[in-house]
Amino acid sequence: MPPEALVRDHTVYACVMGSRAFGLATEGSDTDRRGVFLAPTPLFWRFEKPPTHVEGPAPEQFSWELERFCELALRANPNILECLHSPLVEYVDDTGRELLALREAFLSRQVHETFTRYALGQRRKLEAGVRTHGAPRWKHAMHLLRLLTSARDLLRTGALTLDVGDGREPLLAVKRGEVSWPEVEARMAHLAAETDEALRRSPLPEEPDRARVEAFLVRVRRASARQPDPYDEVVQGVVGDGRVG
């Protein structure tokens, strides 16, 4: 089955991410689309397995196979967790609604490590830009501040909210280069300290609810296995044409 067919025919959840989901879109902002598809279970019985992810077929579109998506979410991958909480949902079926109902099962105090580790990597890139060019990439600096704020608030409240709300204009000022790099650094340090403090009092559990997520995945795989095998239809067509035997 072609990868684009998996996205076209088997998507269970699709949303818009990036600046539009964060409430930071401007006139020239792209529309980043993310999705989750459920590869038919019989495809896993072949030597050639379904892909774990597919780019496209539309521009700025990226999708994950459900199992890979759940695996990354259980690891508290920031991009995946944010995808689950996008306010801009474009498509969801019954399986997708079950996935969204599991959002809290993926959340744990592990987000402190994964979000801050990702933020540290991005900050090093920004600092390299300052050393090389005298200034960072301001758009990336804006998104790093947004990510740190999101991590702090998630640990404080136990809820992940993407839209920056009243933080829009201060963040866009950073994107426009209207805030000095030392001031941006100071904000980052302050947010990092607040995130560390939030961890100590966080209502989030120590670990995600892996058993609950796995039960969901097994259930949807079994349901898919009861559906007609798409490969059988191809074989039957070949036999009917007299090309086998």
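Visitor: What makes threonine 11 part of a strand?
Guide: Threonine 11 sits in strand β1, residues 11–17. Strands here are DSSP runs of E with at least two residues, helices are runs of H or I with at least four, and both are numbered from the N terminus. This is a predicted model, in which local features need pLDDT of at least 70 and side-chain atom pairs count only at pLDDT 80 or more, while totals for chains, interfaces and linings use all residues. Residues are numbered from 1 along each chain as its sequence is written, and side-chain values use heavy atoms, with hydrogens and water left out.

Visitor: Why is threonine 11 called buried?
Guide: Its relative accessible area is 14%. Buried means under 20%, exposed means over 50%, and partly exposed lies in between (1.4 Å probe, protein chains only). Since 14% is under 20%, threonine 11 is buried.

Visitor: Which residues does threonine 11 touch?
Guide: Leaving out residues up to four places away in sequence, threonine 11 touches Leu6, Val36, Phe37, Tyr91 and Asp93. Contact means heavy atoms within 4.5 Å.

Visitor: Methionine 17 lies in strand β1 too. Is methionine 17 buried or exposed?
Guide: Methionine 17 is buried, because its relative accessibility is 7%. Residues up to four places away aside, methionine 17 touches Phe22, Asp32, Arg34, Glu82, Cys83, Ser86 and Leu162.

Visitor: Where is histidine 85, and what makes it buried?
Guide: Histidine 85 is in the loop between α4 (78–84) and β5 (89–92). Its relative accessible area is 14%, so histidine 85 is buried. The histidine 85 side chain reaches the backbone oxygen of leucine 81 at 2.8 Å. Histidine 85 also touches Arg103, Leu107, Leu160 and Leu162, not counting residues up to four places away.

Visitor: Why is threonine 116 called partly exposed?
Guide: Its relative accessible area is 25%. Threonine 116 lies in helix α7, residues 110–133. Its side chain reaches the backbone oxygen of glutamate 113 at 3.3 Å.

Visitor: What is the phi of alanine 76?
Guide: Alanine 76 has a positive phi of about 65°, although it is not a glycine. Its place is the loop between α3 (66–74) and α4. Its relative accessibility is 1%, so alanine 76 is buried.

Visitor: What joins glycine 56 and proline 57?
Guide: A cis peptide bond joins them, with omega about 5°. Proline 57 lies in the loop between β3 (53–55) and β4 (61–65).

Visitor: What makes a set of residues a nonpolar core?
Guide: It is a set of buried Ala, Val, Leu, Ile, Met, Phe, Trp, Tyr and Cys residues joined through side-chain atoms within 4.5 Å. The largest one here has 59 residues, and Leu66, Leu81, Leu99, Phe106 and Val184 touch the most other members. Helix α8 (residues 138–157) gives the largest share, 10 residues. A second, separate core of six residues includes Val7, Phe37, Ala39 and Val54.

Visitor: Which residues is leucine 99 in contact with?
Guide: Neighbours within four places aside, leucine 99 is in contact with Val36, Leu66, Phe69, Cys70, Leu84, Phe106 and Phe216.

Visitor: How many helices and strands are in the chain?
Guide: The chain has 12 helices and five strands. Buried residues make up 44% of its 245 residues.

How values were computed: A polar contact is a pair of N or O atoms within 3.5 Å; within protein, one must be able to donate a hydrogen and the other to accept it, and residues adjacent in sequence count only if both atoms are side-chain atoms.
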